[in-house]
Amino acid sequence: MTLQFSLGPVAPETIDTPCVVVGVYENGMFTSAAARVDTAAHGAIKRQVESGDISGKAGTATVLFGPEGVVAKRVLVIGLGGQKSFDSARYQKVSIEAARALGRLPIEAAVSCLTEVDVPGRDAAWRVRTAALAADYAAYRYTATFKPREKSAQPELAAIAFAGSSDATPGLEQAAAIAEGVRYARELANLPPNICNPAYIADQAKAFADAHDTVSCNVLDHVEMEKLGFGSLLAVGRGSVNKPKLVVLEYKGGHEGDKPYAFVGKGITFDTGGISLKPGPGMEEMKFDMGGAAGVLGAFVAAVRMELALNLVCVVPAVENMPDGDSYRPSDVLTSLSGLTIEVLNTDAEGRLILCDALTYTAQTFQPQVLIDAATLTGACVIALGKHASGLMSKHDDLAAELLAAGETTLDRAWRMPLWDDYQSQLDSGFADVANIGGKNAGAITAGCFLARFTEGQRWAHLDIAGTAWDEGRKGLATGRPVPLLAQWLLDQANKSK
Ligand code: BES
Ligand code: MN
Ligand code: ZN
């Protein structure tokens, strides 16, 4: 369940709530809400600033319980950092920390005044939306595979009201929709691969379509794909007893003849590397190798929930990459759906092998006006950009600019890498039209270049989310990226044609 959000004008000192949230900058600079609360509470915040208990450092949280003169039961003071350097990213960070602090309190509801602070270049709708998304992000818990617990007696945060006027209402509605999409993606990606296999993803997609009149779902199984010639995709799945599925979701929110937008997401439900087996340590992280699929499905969920006036298709090749007596092998030559032949030089470069057939199928079947794929495609992208930015590749400068802008707006940022034809020769093969790896240089780009060969004539962009789809570590969870970026981009497209 996502958090419940609401909006309203707030007099922070008179509001009757279990907790009111206000911000304080470094050096004791108060926001207007903090100043009002402080005055009503006879200087209770100021005294803690003077004592050094409240530093104003970005993201710090201090709870004042039952301060006299204030109606709220508690005041949560959040540090905002320096005022001069306060920016969008800081705003998002402090919004997440505020929500985390609220989550540790024994309360069900709170009111936040952080949405009133000035964020350079952003309006009230943006502030409310960003705060709401941050709160829901912080509130998410993964529970699916723990022993069911008794419902704890401790109340849990369920609702947050944000200070703001009705011009921020669209921001709140978008947040609710995008939060649902992000949760959908996170939950799917967090599930272990013995549950979340290709058939499971297909069943989830069907269930979503059944619950929504505007959505239909079609799933191709390996027998149908065999007939159609998905030689590259099927080769990857051959080593697994969990047979591949191609999941196709269609949303019709636009006019009958409008060409759809199309998303394709890499859905490797577990990537062992196949015969080119990965090393043991860290292999468990490869359950997240369907993060692209989760991301495009989450963006699809958000678009449906926002009832965007456009047509959208979402295609997920769902496949497990396993070593087996029947696995595909290095030096195999595959015939892809497009007819291009591919020499397999490494069975661990499997993402591009399922994506190429899915992209060909999507282009042929739907003639989309734009085609975007998202994939946890290369370790090289993580080396290049780390865990903060997704890699963006496109030959279309205008499309790339739109996607970069959507990433900035949502702080789900991407960074562009070139797709120049100069790199293409790295994929030359002596035995097929193309090789599936391009050597050690520019691994993220050569993966993009491989896909480019299958998307000629399409208005296409590729997002490598290998670094951004999940947080590292034993307890690292799926992030739900790039749902915010893709949902924002769709929103922008819908607004453009209005
Ligand atoms: N799923 C991996 C990419 C990956 C690795 C994502 C680490 C996130 C973290 C992909 O299928 C893969 O194995 N790629 C290879 C390609 C290589 C064989 C050309 C890689 O990046 O090492
Ligand atoms: Mn791999
Ligand atoms: Zn992979």
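This is a predicted model: local features need pLDDT of at least 70, side-chain atom pairs count only at pLDDT 80 or more; totals for chains, interfaces and linings use all residues.
Visitor: Which protein atoms count as donors of the zinc ion (ligand 3)?

Guide: The protein donors are Lys266 (NZ), Asp271 (OD), Asp289 (OD) and Glu350 (OE), and they lie 2.0 to 2.4 Å from the zinc ion. Along the chain, the donors follow the spacing K-x4-D-x17-D-x60-E.

Visitor: What makes the arrangement around the zinc ion (ligand 3) octahedral?

Guide: Six donor atoms surround the zinc ion, and they subtend angles of 78 to 173°. Six donors count as octahedral if opposite donors are over 155 degrees apart and all others between 65 and 115. The arrangement is therefore called octahedral.

Visitor: Which residue coordinates both the zinc ion (ligand 3) and the manganese ion (ligand 2)?

Guide: Aspartate 271 coordinates both ions, which are 3.2 Å apart. The pair links distant parts of the chain: aspartate 289 belongs to the loop between β10 (267–271) and α9 (291–305), and glutamate 350 to the loop between β13 (341–343) and α10 (351–366), 61 residues apart.

Visitor: Why are aspartate 289 and glutamate 350 called buried?

Guide: A residue is buried when its relative accessible area is under 20%. Aspartate 289 has a value of 1% and glutamate 350 has 0%, so both names apply.

Visitor: Why are α10 and α13 described as roughly parallel?

Guide: The axes of α10 and helix α13 (residues 443–452) cross at roughly 30° and come within 9 Å. Angles under 35 degrees count as roughly parallel, and the two helices are therefore given that description. The crossing of α10 past α13 is right-handed.

Visitor: How do you know that β3 and β4 pair?

Guide: Pairing requires at least two bridges between the strands. Strand β3 (residues 61–65) and strand β4 (residues 74–79) are joined by five bridges in the antiparallel sense. Leucine 64 has valine 75 in β4 as its bridge partner. On β3, Thr62 and Leu64 form the covered face, whereas Ala61, Val63 and Phe65 form the uncovered one. In a regular strand, side chains alternate between the two faces of the sheet.

Visitor: What makes β8 a partner of both β7 and β11?

Guide: The requirement is again at least two bridges. Strand β7 (residues 215–221) and strand β8 (residues 245–252) have seven, in the antiparallel sense, with serine 216 opposite glutamate 250 in β8. Strand β11 (residues 311–321) pairs with β8 over eight bridges, also antiparallel, and asparagine 311 in β11 is the bridge partner of lysine 252. Both pairings therefore meet the criterion.

Technical notes. Residues are numbered from 1 along each chain as its sequence is written. Chains are lettered from A and ligands numbered from 1 in the order in which they are written. Side-chain values use heavy atoms; hydrogens and water are left out. Buried means under 20% relative accessible area, exposed over 50%, partly exposed in between (1.4 Å probe, protein chains only). Helices (H or I, at least four residues) and strands (E, at least two) are DSSP runs, numbered from the N terminus. Donors are N, O and S atoms within 2.8 Å of the metal (3.2 Å for Na, K and Ca); water is not among the atoms, so sites may look incomplete. Four donors count as tetrahedral if all angles lie between 85 and 135 degrees; four count as square planar and six as octahedral if opposite donors are over 155 degrees apart and all others between 65 and 115; anything else is irregular. Axes are lines fitted to C-alpha atoms, for helices over the stretch in contact, and angles run from 0 to 180 degrees between N-to-C directions. Angles under 35 degrees count as roughly parallel, over 145 as roughly antiparallel, 65 to 115 as roughly perpendicular and the rest as oblique. A crossing is left-handed if the near helix is turned anticlockwise from the far one by less than a right angle, and right-handed if clockwise.
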